[in-house]
Amino acid sequence: MIRIQSVAPDSLGAELALVPGTELLAVNGRALEDFLDWEFLTADERFVLAARLPTGEAVEYDIERPEGLPMGVTLEPPRIRRCANHCDFCFVDGNPQGMREPLYIRDDDYRLSFRYGNFATLTNLKPWDVERIIEYRLSPLYVSVHATEPTIRRWLLRNPEAPEIVSQLRGFAARGIAFHTQVVLVPGVNDGAELVRTLTDLYGLGAAVLSVSVVPVALTEFSKRRLVREPTREECRAALATVDRFATRALAERGVPWCYGADDLYLQAGEALPAAEWYGDFEQRENGVGSVRYLQTRIAAARGRLPDLAGKRVGVVTGAAMGPLLPAVLEDLTAATSARFELVVIENTLFGPTVTTAGLLPAAAIERALAGRRGAPARSHAPVV
Ligand code: SF4
């Protein structure tokens, strides 16, 4: 069962007198479990919907609508599928205490992987989940592989039950499902020869594996540092050399680099980022792969539409990771707007200095960094990159 959260005015849903709180029970006799069922089972122009109004009244609607006309209902958020793993490097476990409850949810949900590009490990799939992925063609999925050698993957996920990922992916690939994949690089565990093995196995799965990213493990002050550590500069360089070897081969054989280092891997290795063209459609930009180049291409594309800000000062707040990379971006912005950009690089006082992502900066640290700056507002409105 799923429940309606809101109904758009003048929509088909409003015309049918659907209201917030209405329970959507079944479509054409098939029980509705979540938003996926709702979207896929109501895709036809004609269907029968069984619902229960907040008054308790059961109603059946025989719906016929022109193709593409949306129902206009928003559903209550789904119950997040919880993670069955216990990775030493889990960022959720690396949260300090006393934060908002949802920040402690360890999600591992193939539905969110399909819809939003969240990475999932596929270790918690039930047989009916597998059937749904195939039936609804949930493709591409974003999958955390980490290592293809089963024992090493189970060790990394701290899950002795984790199924073999290569046969799992192969099974899906045979049914038309494709993947973007990632390897979180944990030094001494899945780097070196294991990284080569993982990339070889993934490459061997052919066109179904659309891309693989190699991301250095990120830890907070509260992570299980006795058990896991960040890679050194040399280890990042070695990983990048492996990434380059596979990318060169893929470029020659498939026309795309296929294997990408995360921006952070280049940063930690002290090596220059590839040009924007390297990243194609930037499909893993939300995973920190090509995000800097993506931002630059967005600025370039918006060039003619950016306002003239001559004589203005603009503060740009960011974390330590982007600190060295942003001057090139701000140079583009200065040329496009004539504003004077001031870069403010802030250390993370909540998660510790090793967490260098701008998106994880606490507001208090930003406020402190901006306090006393001439022209700074009482509470910060400077953009965070
Ligand atoms: S898969 Fe690992 S890192 Fe991801 S939520 Fe689960 S325990 Fe955390």
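User: Which residues does N287 touch, leaving aside those up to four places away in sequence?

Analyst: In this predicted model, N287 touches F119, Q182, S213 and V215. N287 itself is found in the loop between α9 (263–269) and α10 (291–302).

User: Why is N287 called buried?

Analyst: The label buried requires a relative accessible area under 20%. The value for N287 is 19%, so N287 counts as buried.

User: What makes E60 count as buried or exposed?

Analyst: A residue is exposed if its relative accessible area is over 50%. E60 has 63% relative accessibility and therefore counts as exposed. E60 lies in strand β5 (residues 58–64), and beyond its neighbours within four places in sequence it is in contact with V48, L49 and A50.

User: How do you know that the buried residues of α5 line one face of the helix?

Analyst: In α5, which spans residues 150–157, the buried residues are I152, R153, L156 and L157. Viewed down the helix axis, these buried residues fall within an arc of 125°, so they line one face of α5. They pack against β7 (141–144), α6 (165–174) and α7 (193–204).

User: Why is E149 said to cap α5, and at which end?

Analyst: A polar contact requires a pair of N or O atoms within 3.5 Å. A side-chain oxygen of E149 lies 3.1 Å from the backbone nitrogen of T151, and E149 caps the N-terminal end of α5. Just after the helix, R158 takes a positive phi of about 50°.

User: Which members of the largest nonpolar core touch the most other members?

Analyst: Of its 78 residues, they are L24, W38, L49, L169 and W258. Helix α8 (residues 233–254) supplies the largest share of this core, with 6 residues. A second, separate core has 13 residues, including A147, L157, V186 and V228.

User: What does L169 touch, not counting residues up to four places away in sequence?

Analyst: L169 touches L122, V143, V145, F179, L202 and L205. Each of these counts as a contact because heavy atoms lie within 4.5 Å.

Definitions and conventions: Residues are numbered from 1 along each chain as its sequence is written. This is a predicted model: local features need pLDDT of at least 70, side-chain atom pairs count only at pLDDT 80 or more; totals for chains, interfaces and linings use all residues. Side-chain values use heavy atoms; hydrogens and water are left out. Buried means under 20% relative accessible area, exposed over 50%, partly exposed in between (1.4 Å probe, protein chains only). Helices (H or I, at least four residues) and strands (E, at least two) are DSSP runs, numbered from the N terminus. The arc is that of the directions from the helix axis to the C-beta atoms. A polar contact is a pair of N or O atoms within 3.5 Å; within protein, one must be able to donate a hydrogen and the other to accept it, and residues adjacent in sequence count only if both atoms are side-chain atoms. A nonpolar core is a set of buried Ala, Val, Leu, Ile, Met, Phe, Trp, Tyr and Cys residues joined through side-chain atoms within 4.5 Å.
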